Amino acid sequence: MILSCLDDDPRMERTLRRFAGSLGHEVRFQTTSQALRDDLDRQVPDVIVLDLGLGSETGVDVLGWLAEHHPTVPLVFLSGHGDELLDTARRIAQGNGLTVYGVVNKANLVRELPTVLSRPGPPDSPKKPRAPGRAPGRALDALSVEDLRAHLHAGRITPYFQPILSAHTLRPVGAEALARLALPEGGVLGAGAFIPLAEQSGLIMELTRVLSERLIELEPQLRPFGLDFLSINLSAANIERKGAAAMVKRLVDAFAGSSRIMIELTETAVLPDLQQMRALTTELRLGGASLAIDDFGIGYSSIRALAELPYDVLKIDLSFVAEMFDSEKSANLIAAMLHMAHSLNLQVVAEGVETEAQRDRLITMGVDRLQGYLFGHPVPIEHFASPGASS
Ligand code: C2E
Ligand code: CA
Ligand code: CA
């Protein structure tokens, strides 16, 4: 493998050469970014090893240049000093479409470099950006307000169910109902394809009502699962408070014999009108529902909302879970959110759990409940079963 290295500390050259050479890698060493550019223009290496503490030059400029000229060559960052910048550097690189194999501590070169270089694929390749609170959906542009209204009236909005597990028993203790649109021509649209449109067009209240009536119809089918709770999402933007409270009350009553109804509110929606949210959340609680703050950590008003509103559950946004092994900061933030939530007597759900490693670490950290593709995708009621169900 050919490694092109940039480090303004010439002492690194000997170390790298000796060690990488013993592993059979060829090292081309540069101490200035101009030298690196010249080197890359001469011959493209397999990996670029980059120290960001470049004295007078900035590593950020180097990343920008690399993204423009050699976007496909993977990077390894060397860390020594200024480690707090590495996480940001990784994000800049990924934001520019570059692949980052990992970070190697200079003091641990011997141990860490082979591991990073032997990774089978790019472990740290850029993740698709996701708009806050929205998982990807399809055909976003294709749907008009009129289409959506027609689908709504034709009863094509239907709930899918995703299990939420106890972190202690790894058994499902609840489920989240997520809206889907079953197209007449076949195919099912994810929430991302029509929820934002419903919110913007004022159809969201009607959509939520249709969904909640459908849930009431499905109560006999849900009852055998013995779920402690069933969650539904409420967009607090454009909500009509009395109507919402009445709707939730109906749902609570219909499920009185089986599961508690949990209302998930996104914190981004909390910002516009705290006064309105105080009234709404109090009414929902008085109506017998429990309350979850959804997508916690990505909005602006989260901590204020926790202080002011009567939440029972905090759902850590899945972006933190997705990054917990790539970014020390994300892992630390999860720990801090857990500490904060537990000191406020809130239960914590980690969303977007996709791997066993994430599951195990989250359990060790003290998360109460787990949700994610590892345990089950959102599925129609006919396919809803114990963990392992998938769509
Ligand atoms: P959300 O409430 O945060 O829902 C979780 C989203 O993450 C769901 O996307 C779910 O399918 C997805 N998800 C679950 N496990 C994983 C995982 O392991 N990895 C990844 N990458 N994603 C996972 P979905 O169903 O497309 O919903 C997107 C958003 O649309 C929801 O985010 C929610 O904010 C909104 N939404 C869905 N249904 C309703 C609804 O009935 N009413 C309202 N107001 N909003 C809804
Ligand atoms: Ca939710
Ligand atoms: Ca969420």
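Helices (H or I, at least four residues) and strands (E, at least two) are DSSP runs, numbered from the N terminus. With that in hand, let's start the tour.

You're looking at a predicted model, in which local features need pLDDT of at least 70, side-chain atom pairs count only at pLDDT 80 or more, and totals for chains, interfaces and linings use all residues. Residues are numbered from 1 along each chain as its sequence is written, chains are lettered from A and ligands numbered from 1 in the order in which they are written, and side-chain values use heavy atoms, with hydrogens and water left out.

**Stop 1: the whole chain.** Show it as a cartoon. The chain has 14 helices and 14 strands. Of its 391 residues, 49% count as buried (buried means under 20% relative accessible area, exposed over 50%, partly exposed in between, with a 1.4 Å probe and protein chains only). Now think about contacts, meaning heavy atoms within 4.5 Å. Among those between residues at least 6 apart in sequence, 68% join residues at least 24 apart.

**Stop 2: a loop.** Select Leu 170, in the loop between strand 6 (157-166) and strand 7 (172-182). Its phi is near 55°, a positive value in a residue other than glycine. Leu 170 is partly exposed, with a relative accessible area of 31%.

**Stop 3: two helices.** Select residues 11-22 for helix 1 and residues 109-117 for helix 5. Two packed helices are described by the angle between their axes and the distance between the axes. Here the axes come within 11 Å and cross at roughly 60° (axes are lines fitted to C-alpha atoms, for helices over the stretch in contact, and angles run from 0 to 180 degrees between N-to-C directions). That makes helix 1 oblique to helix 5: angles under 35 degrees count as roughly parallel, over 145 as roughly antiparallel, 65 to 115 as roughly perpendicular and the rest as oblique.

Which residues of the two helices make the contact? Show Met 12, Thr 15, Leu 16 and Phe 19 of helix 1, then Leu 109, Val 110, Leu 113 and Pro 114 of helix 5.

**Stop 4: calcium ion (ligand 2).** Zoom in on this ion and show its protein donors: Glu 176 (OE), Asn 233 (OD1), Glu 264 (OE) and Asp 294 (OD), lying 2.1 to 2.3 Å from it. Donors are N, O and S atoms within 2.8 Å of the metal (3.2 Å for Na, K and Ca); water is not among the atoms, so sites may look incomplete. Asn 233 sits in strand 9 (residues 229-234) and Glu 264 in strand 10 (residues 260-266), so this pair, 31 residues apart, links distant parts of the chain. Asn 233 counts as partly exposed at 28% relative accessibility, and Glu 264 counts as buried at 1%.

**Stop 5: calcium ion (ligand 3).** Follow Asp 294 to the next ion: this residue bridges the calcium ion (ligand 3) and the calcium ion (ligand 2), which lie 4.1 Å apart. Asp 295 is in strand 11 (residues 290-296), while Glu 351 is in the loop between strand 13 (347-350) and helix 14 (356-365), 56 residues apart.

Is Glu 351 buried or exposed? Glu 351 counts as buried, at 9% relative accessibility.

**Last stop: Asp 295.** Keep Asp 295 selected and check its backbone: phi is positive, about 50°, although the residue is not a glycine. Asp 295 counts as buried, at 7% relative accessibility.
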